[in-house]
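Here is a short report on a helical protein model. Read it with the structure open beside you.

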Amino acid sequence: MGLTATAQGWADALSEIAGRLAALMALALVALVFGLVVARYGLGIGSVAAQEAVLWLHAAIFLLGLAYALRHGSHVRVDVFSQRWSPRTRAWVEVGAGVLLLLPLCVFIVAMSWDYVAASWAAREGSRDPGGLPGWYLLKALVPVSAGLLLVQGLAETTRALGRATSRQDA
């Protein structure tokens, strides 16, 4: 289970692209919410499509940001225990967590969401609300894409941790 440095670099690059896209979406989300507030309370108008776009952006930010957060160590950790461990022990725990938890979870999410997303694409699912956004299938497609990005980054991080765990130096 080893990824080459080149493969790790590709995984990192994909996560960076997804993370930067999520950051741009966060800016768009702030602007859209500001516009909705001004339109509703300043002008007395609203838009179902704009409100749904807020939900879309919010979901997309989280789904695209998962691999980026893992890449940069911004995910949730339980430091209460690991702060007392040696770097090698921490690395072995990361390997175990990657192999036993993260990677199987990503595969499970892709497998379980595949038919759900395929059905949505086949029906060209759109909003159920009048005036809502068409193309809900596009947003739903981000579920397996997100899990796939997380899987690739998880492989890279697990491989890095394995390298630290098996290195001769106990830094």
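S82 is buried, because its relative accessible area is 11%, under the 20% limit. This serine sits in helix α3, which covers residues 79–82. S82 and V93 are eleven residues apart in sequence. In space, their C-alpha atoms are 8.9 Å apart. Keep in mind that this is a predicted model.

Take α1, residues 5–43.

Now do the check for α2, residues 48–71. Its 24 residues should span 34 Å at 1.5 Å a residue. The end C-alpha atoms of α2 are 36 Å apart, which agrees. Even so, α2 has a kink of about 40°. The kink is centred on G65.

Look at the ends of these helices too. S47 caps the N-terminal end of α2. One of its side-chain oxygens lies 3.4 Å from the backbone nitrogen of A49. Just after α1 comes G44, with a positive phi of about 70°. After α2 comes G73, whose phi is also positive, near 65°.

**The nonpolar core**

Which residues have the most contacts inside the largest nonpolar core? They are M25, L29, L64, L139, L142 and L149. This core has 17 residues. The elements that give two or more residues to it are α1, α2, α5 (136–140) and α6 (142–166). Of these, α2 gives the most, with eight residues.

Leaving aside neighbours within four places in sequence, L149 is in contact with L14, A18, L64 and A67.

The buried side of α1 can be listed as well. Its buried residues include Q8, A11, D12, S15 and E16. Also among them are A18, G19, A22, M25, L29, L36 and A39. The buried residues of α1 pack against α2 and α6.

A161 belongs to helix α6. Its relative accessible area is 0%, so A161 is buried. Beyond four places in sequence, A161 touches A91, E94 and V95. A161 and A13 are 148 residues apart in sequence, and their C-alpha atoms are 18 Å apart.

The structure holds two aromatic pairs. One of them is formed by W121 and Y137. What are the distance and the angle between these rings? The ring centres are 4.6 Å apart and the planes are at 65°, so the pair is edge-to-face. The cut-off for that label is over 60 degrees. W121 lies in helix α4 and Y137 in helix α5, so the pair ties together parts that are 16 residues apart in sequence.

Are the two partners buried or exposed? W121 is partly exposed, because its relative accessible area is 34%. Y137 counts as buried, at 15%.

S120 is found in helix α4 too. At 2% relative accessibility, S120 counts as buried. Not counting residues up to four places away in sequence, S120 touches E125, W136, Y137 and K140.

E125 lies in the loop between α4 (87–122) and α5. Its side chain makes a polar contact of 2.6 Å with the side chain of K140. Leaving out residues up to four places away in sequence, E125 touches S120, P134, G135, W136, Y137 and K140.

R124 is in the loop between α4 and α5 as well. Most residues other than glycine have a negative phi. R124 has a positive phi, near 50°, and is not a glycine.

**Accessibility in a table**

Here are the residues with a stated relative accessible area.

| Residue | Relative accessible area | State |
|---|---|---|
| S82 | 11% | buried |
| S120 | 2% | buried |
| W121 | 34% | partly exposed |
| Y137 | 15% | buried |
| A161 | 0% | buried |

Conventions:
Residues numbered from 1 in each chain as written. Predicted model: local features only at pLDDT ≥ 70, side-chain atom pairs only at ≥ 80, totals over all residues. Heavy atoms only, no water. Core = buried A, V, L, I, M, F, W, Y, C linked by side-chain atoms within 4.5 Å. Buried < 20%, exposed > 50% of the residue type's maximum accessible area, 1.4 Å probe, protein only. Helix = DSSP H or I, 4+ residues; strand = E, 2+ residues; numbered from the N terminus. Contact = heavy atoms within 4.5 Å. Expected span 1.5 Å × (residues − 1). Bend = angle between axes of the 7 residues up to and from the residue. Polar contact = N/O pair within 3.5 Å; in protein donor to acceptor, adjacent residues only side chain to side chain. Phe/Tyr/Trp six-rings, centres within 6.5 Å; stacked < 30°, edge-to-face > 60°.
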